[in-house]
Amino acid sequence: MMRPGFHDPVPEAQGCFRAMLDAMSRPGRVHTLDVALDAPPPLAPATAAVLLTLADAETSLHLMPDGAAAGDWVRFHCGSAPASLPEASFVLSLGIHPPLSALRQGSEEAPEQGATLICQVRSLTEGEGWRLAGPGIRDFHHLRVEGLAADFLQQWAAQRPAFPRGVDIILCAGRQLAALPRTVTIEEG
Amino acid sequence: MAYVAVKGGEAAIANAHGWMAERRRGDPEVPALSTRQVEEQLGLAVDRVMAEGACHDRGLAALAIKQAQGDLIEAAFLLRAYRTTLPRFGHAAPLDTGAMRVQRRISAVFKDLPGGQLLGPTLDYTHRLLDFALAAEKEAPPEPAAEIPGDAAGRLPRVADFLVREGLMRREADSGQEPPDLTRDPPDFPASRAARLQNLARGDEGFLLSLGYSTQRGYGNNHPFVGEIRQGKVAVRFTPPELGFEIEIGAITVTECEMVNQFQGSKSEPAQFTSGYGLVLGRGERKAMSMALVDRALKAGELGEDRTAPAQDEEFVLMHSDNIEATGFVEHLKLPHYVDFQSELEVIRRMRSTAGTSATGSEA
Amino acid sequence: MSHDPGYNFAYLDEGTKRMIRRTLLKAVAIPGHQVPFGAREMPLPYGWGTGGIQVTASILGRDDTLKVIDQGADDTTNAVSIRRFFARVAGVRTTTRTAEATVIQTRHRIPEAPLREGQVIVYQVPMPEPLFRLEPRLAETRRMHALADYGLMHVKLYEDIARHGHVSTAYNYPVMVGGRYLMSPSPIPAFDNPKMDHMPALQLFGAGREKKIYAVPPYTSVRSLDFEDHPFRPHRADGTCAFCGARDSYLDEVVCDDQGSRMFICSDTDYCESRWEPEQ
Ligand SMILES: [Zn+2]
């Protein structure tokens, strides 16, 4: 049987969005979502909530093979048009994410067309780990992420010179989420 | 005290609404206007509001006109604001105007043509004399029964098709691309022709009329002839996803105009006829013609003509055609701007004092 | 307080909110860049805050407390009208107190009281393009933003200085965001520009008629354009508020009689009241 989406879609989507908006505005801050979501494995509740909040029939979504088991649920609740990795506006990854350079980067005139990677990871911990700086951060934020590609920091640094083109990331683990907008610089902590 | 004047916004707004409601109703001794009366007896106003409000619903357009006290731009705005709240079920198939059940069809370029000329209901040959019989509220004369021309299949050939077949007119090719939806996709330049036509179809009649007129007076002249105007009902067809096949969901009245324009050729195109196209919801002949003139003018770039006139300037035309956007922004000047004005006051005072001091040479 | 059951919460349908929310996230990720969006017709005329209203409607939740100001005041007619709209369609708590608000929608001012983390300020923007007086064509200005080619604006300001001794722009004074994008701060007086720099609150900008949304994340550099030999200087009327005695707030000049006598009062009515209420 298909598992349901949000119980109360209007306030739950709004609550999840405000958490995402704050996460994107203050990179590295970890938010815990207050939603009762019975998402199908391997989808974490936060990942499922982000999808329900952002994706719909007007968006294109690329589902990495590691998310195949949740494919029916995603298609049923979001109805996004499937798209190839370099063309999708949203990319959902539940295991090791694809190289950032393989995603849509947007153009100099329309950098907003750079993709959003919804990346489910093992854990998010605020206050330790990487040192983040950039817009949204007064001095530094610290964030530890378990479950990204081993060369993630090189990939991240490599897209920086192309700014304003680039990819933004929403990180999800359990009921938690954090975000890495393309403006943030990350150093090993 | 001056400060008190800006207090009490709530009460002022409520009073304004009350007063306006009283104005709208007018003298209560005079019977109230029914929306059916508006729909039946002010049909061209209803059509204009539907076209510019981009929503085909005669009853709602009539209500909007009544509510707006006959201010047609305000009425179109009411209809648009309502339209945006409606759920969308999908996209209708393109209208097949070739299969129109025409009430009027005329061509100015051929004396006669297959399917014939059909004058239909028009004011074209009436003398513009005030009819005092109407003021006496006499019954209107009964309308003569409409003749329904067309061949057995109900299709009327198009004038443009004859010219295309002979190789004298540029063939309009379907780009095959999914047309953008300007109610969803913000404008982008250069715009596709589909986006252009969508924009013009909901554009302000007065704006298009004046732009079209300007081309006739030499500002981007494109030597137009009315190839054909047709007006009548066309079927709206839609494929519900749950059915999987096309069904007819109704018929709407539209006005279509195709201009035939002489074209002497350019570096990129040989001499031939070109065309401009207009299609408007309802009986909007003046607007359909204006739209066709402006559509042709906007083709200047792709035909290799110099773009020198306002009507040929795509961004200028498309960004200023919408009377709902225009009226909002022009009228917003009524809102308080005293903070901005205060900052301007300070700047002007500073400039004058700088000018004053430098005139006396006290400051280098 | 509950919302009008005739409309979805906060008026917009959920599909429109999702579209605007996606736009907002991209706007925050690219500070100062104008992101096009499919602005809808609202039940208010274009030019009267439709962009700000769509942004506010897309972020607002049941727990928010909303403040709406126009010209700095909570009781100007347009502010009243917009506040009533949200009270009706969202049933949210409204306030005139800057400190109590979680979301502040504004036209033409930034409150005097510093905004804090956790607050969001939504600006109503009539013309989002900072270059429009110099170049009205969108196709052209988009190219200029892509190349960060802002020479035209510098030349314009420099010509002002050469002619008048200082920049003649008094409001809607252009700013550079994050050292990359030239941005219109909306028609706030230049006096308010410095408040935008490294503001702890999130700043969102909505232009409905022009169909653009842009944003400045918290703690982001916002610099008013200037020159080394002519640094930016915010100006206010050289006066004192007749009500609260403030010498630091932005002042409205009020004509009091037919002789043209003037007095000055705070444009930010909440700031003014907060200064004289304790004495009452
Ligand atoms: Zn004061």
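Buried means under 20% relative accessible area and exposed over 50%, with partly exposed in between (1.4 Å probe, protein chains only). The model is predicted, so local features need pLDDT of at least 70 and side-chain atom pairs count only at pLDDT 80 or more, while totals for chains, interfaces and linings use all residues. Residues are numbered from 1 along each chain as its sequence is written, chains are lettered from A and ligands numbered from 1 in the order in which they are written, and side-chain values use heavy atoms, with hydrogens and water left out.

**View 1. The zinc site of chain C.** The zinc ion is coordinated by the SG atoms of C:Cys241, C:Cys244, C:Cys266 and C:Cys272 at 2.2 to 2.3 Å; donors are N, O and S atoms within 2.8 Å of the metal (3.2 Å for Na, K and Ca), and water is not among the atoms, so sites may look incomplete. The angles subtended by the four donor atoms are 103 to 119 degrees, which makes the arrangement tetrahedral (four donors, all angles between 85 and 135 degrees). C:Cys266 counts as buried because its relative accessibility is 3%, and C:Cys244 because its value is 14%.

**View 2. C:His33 and its surroundings.** With a relative accessible area of 6%, C:His33 is buried. Its side chain makes a polar contact with the side chain of A:Glu112 (2.7 Å); such a contact is a pair of N or O atoms within 3.5 Å, and within protein one must be able to donate a hydrogen and the other to accept it, while residues adjacent in sequence count only if both atoms are side-chain atoms.

Terms used: Tetrahedral: all angles 85-135°; square planar, octahedral: opposite > 155°, others 65-115°.
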